[in-house]
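Reader: I would like to learn how to read the packing of helices, the order of a sheet and the surroundings of a ligand. Could we work through an example together?

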Amino acid sequence: MDSQTSKSYMAPLKNKLEEGTFIVGSIGAGYVGAITSIILAARQPNLKIIVCDVMQEQINKWNEGRFPFYEPDLEKYYDIAVNVNKNITFTVDVGNCIDQSDALFICVNTPPKVDSDAVLGKEADMTYFDAAIRNISNYGNPEKHKILIEKSTVPVGTYKRINSLLGEKIQNPEACFTIVNMPEFLAEGLAVQRLLNPDRIVIGTTEDLNGQEAFEVIKGLYTNTETLFLKLRTPSSELAKLFINGMLAQRVTSMNSMTYLCEKFGGSIQEVQRMTGSDPRIGPLWLQASPGFGGSCFEKDILSLIYIFESEGQQAQALYWKALLNMNDAQKHRILDMIISEFPEPESTTLTLFGFAFKKNTSDTRLTAIAYIANGLIHKGYHVKIHDPKVTERSFHFEMEVQGFNIVEKTNYEFCGSDYRKAVSGSSAIIIGTEWDEYNELNYNELITLMDGDKKNLYDFRSYVDVQQIQQAGFSKVFKLGN
Ligand SMILES: NC(=O)c1ccc[n+]([C@@H]2O[C@H](COP(=O)([O-])OP(=O)(O)OC[C@H]3O[C@@H](n4cnc5c(N)ncnc54)[C@H](O)[C@@H]3O)[C@@H](O)[C@H]2O)c1
């Protein structure tokens with residue numbers, strides 16, 4: 001049974017909201033913690049926001065306005081929060097942030113466990129999350145009741161885990177802290193717009209009076225945001241967050257599974273997409289074909305969902321979601337094989353990868369599908385040049401390592417950053433892996449003159465270029481995924 005109480009601890013917090021003295025803390029200054037805090041501070045001058053992180057370098061960057069990652073429009077709202085409202089601070093003093101705050105967003109990373117012995121899935125690694133909770137437990141004080149908000153994506157039942165971790169140090173955690181779940185739906189690359197105009201704000205709470213009033217207090221943090229506020233039971237919102245990422249990954253993967261058949265039988269994935277998306281039972285979003293989904297969330301959250309099913313002995317459901325990950329891998333293999341089969345002499349062939357970020361408008365490379373393609377080509381012996389307008393060489397190397405691709409000893413690749421001329425010179429093929437707008441707007445008539453080889457191909461694995469226009473530049477072949 002969930003702990004239920006007929007008592008509410010929210011009265012002092014409601015007063016602080018009314019007086020304009022409410023302080024929101026964010027534990028974690030990464031994508032979720034920093035972006036959500038900056039937008040909240042810019043939107044709500046009545047709140048004070050403290051963002052803390054254990055990484056000094058991360059905090060230095062925020063303090064100096066050197067953003068640790070690229071996110072469109074973030075600069076504008078950072079400027080409003082920091083220089084106009086002056087209501088946000090960034091600090092490594094995690095204890096002080098906890099102590100000061102009335103509500104704490106917990107935004108730390110919850111990656112898949114590396115040493116998981118699960119067969120199909122992977123348990124979420126709660127090391128960072130648990131460390132944050134243990135730190136919070138040092139500040140339990142019934143006179144300063146706080147709302148703890150799970151914003152990290154967490155396994156179902158985490159609210160109970162928090163309670164028992166707090167209980168290791170505090171006799172009556174309920175009197176000091178109210179725990180709620182508030183899943184984050186920001187989509188990198190569109191995060192600012194999604195936070196300014198959210199489809200909905202979901203708050204998972206207990207069903208008692210305190211849970212109801214905590215819901216109202218959290219609503220009170222968003223007085224300048226018009227949206228739908230959904231109140232769910234905590235386990236429902238914890239579960240639904242994992243499920244939504246699974247559903248989104250499933251839509252993309254379903255389209256990707258059709259790309260081969262479209263190519264084989266003369267169809268067009270765009271036409272299949274249009275017809276499918278016009279069915280109101282399905283809808284048009286998230287049906288774009290790709291080299292496979294990436295990003296820090298989808299695979300991780302599906303692995304976590306699989307792990308939960310496996311732990312419950314529900315093999316059929318676990319296998320169902322596992323098939324989705326296998327399908328995603330199959331798309332990457334298919335694309336790699338397609339390139340390799342067209343260029344039989346790797347040692348004398350240069351190939352250019354356009355894009356390394358996992359999608360456009362972000363510098364985030366976490367679990368990008370292109371890392372697999374880059375690794376396969378490098379290990380096959382091609383000379384591989386990598387271009388991306390926003391990704392740094394450091395992130396490229398870091399991501400290759402994280403995904404287990406050992407290219408340290410290899411000398412047959414070059415990271416070219418945003419230098420187009422360097423990236424395409426001497427190359428036999430341009431391979432678009434990330435759908436940056438600029439790849440569709442380039443002067444291919446000029447770029448092709450820098451290329452070399454018996455044939456000069458262009459592969460569009462995002463299926464978004466204007467083939468006719470690019471063909472005019474004189475490419476031997478312009479391949480558009482699913483066409
Ligand atoms: N990135 C997204 O698009 C997105 C979207 C929705 C949900 N989420 C979820 O939000 C969570 C955070 O994701 P992210 O992309 O922001 O991760 P991130 O790695 O960018 O940021 C996490 C930050 O937390 C800090 N941290 C770790 N332990 C800490 C501790 N004990 N005290 C203080 N700081 C600590 C890290 O140093 C890091 O800077 C994850 O659970 C993720 O699944 C992410």
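Predicted model: local features only at pLDDT ≥ 70, side-chain atom pairs only at ≥ 80, totals over all residues.

Reader: How are two packed helices described, and what angle do α13 and α14 make?

Author: Two packed helices are described by the angle between their axes and the distance between the axes. Here helix α13 (residues 298–311) packs with helix α14 (residues 315–342) at an angle of about 160°, and their axes are 8 Å apart. Angles over 145 degrees count as roughly antiparallel, and α13 and α14 are therefore roughly antiparallel to each other. The crossing in which α13 passes α14 is left-handed.

Reader: Which residues of α13 and α14 meet?

Author: From α13 come E299, I302, L305, I306, F309 and E310, and these meet Q317, A318, W321, K322, L324 and L325 of α14. By residue class, this contact of α13 with α14 divides into eight nonpolar, one polar and three charged.

Reader: At what angle do the axes of α2 and α4 cross?

Author: The axes of α2 and helix α4 (residues 74–85) cross at roughly 55° and come within 8 Å; α2 and α4 are therefore oblique to each other. Their crossing, too, is to be read for its hand, and it is left-handed. In the contact itself, I35, I38, I39, A41 and A42 of α2 meet L74, Y77, Y78, I80, A81 and N85 of α4, and the residues divide into ten nonpolar, one polar and no charged.

Reader: Turning to the sheet, what is the order of its six strands?

Author: Strands of a sheet pair through backbone hydrogen bonds, either parallel or antiparallel. In this model an open sheet of six strands runs in the order β11-β10-β9-β12-β13-β14, and the pairing is parallel. Its edge strands, each pairing on one side only, are β11 (413–417) and β14 (477–480), while the twist from one strand to the next averages 15°.

Reader: Lastly, how many residues surround the ligand, and which are the closest?

Author: The ligand is surrounded by 27 residues, of which the closest are G28, G30, V32, Y128 and S152. Two elements, α2 (31–43) and α6 (127–136), are those that give two or more residues to this shell. The shell around the ligand comprises 15 nonpolar, nine polar and three charged residues.

Definitions and conventions
Residues numbered from 1 in each chain as written. Near = placed C-beta within 6 Å. Helix = DSSP H or I, 4+ residues; strand = E, 2+ residues; numbered from the N terminus. Nonpolar A, V, L, I, M, F, W, Y, C, P; charged D, E, K, R; others polar. Axes fitted to C-alpha atoms, helices over the stretch in contact; angles between N-to-C directions. Parallel < 35°, antiparallel > 145°, perpendicular 65-115°, else oblique. Left-handed = near helix turned anticlockwise from the far one by under 90°. Contact = placed C-beta atoms within 7 Å. Pairing = 2+ DSSP bridges.
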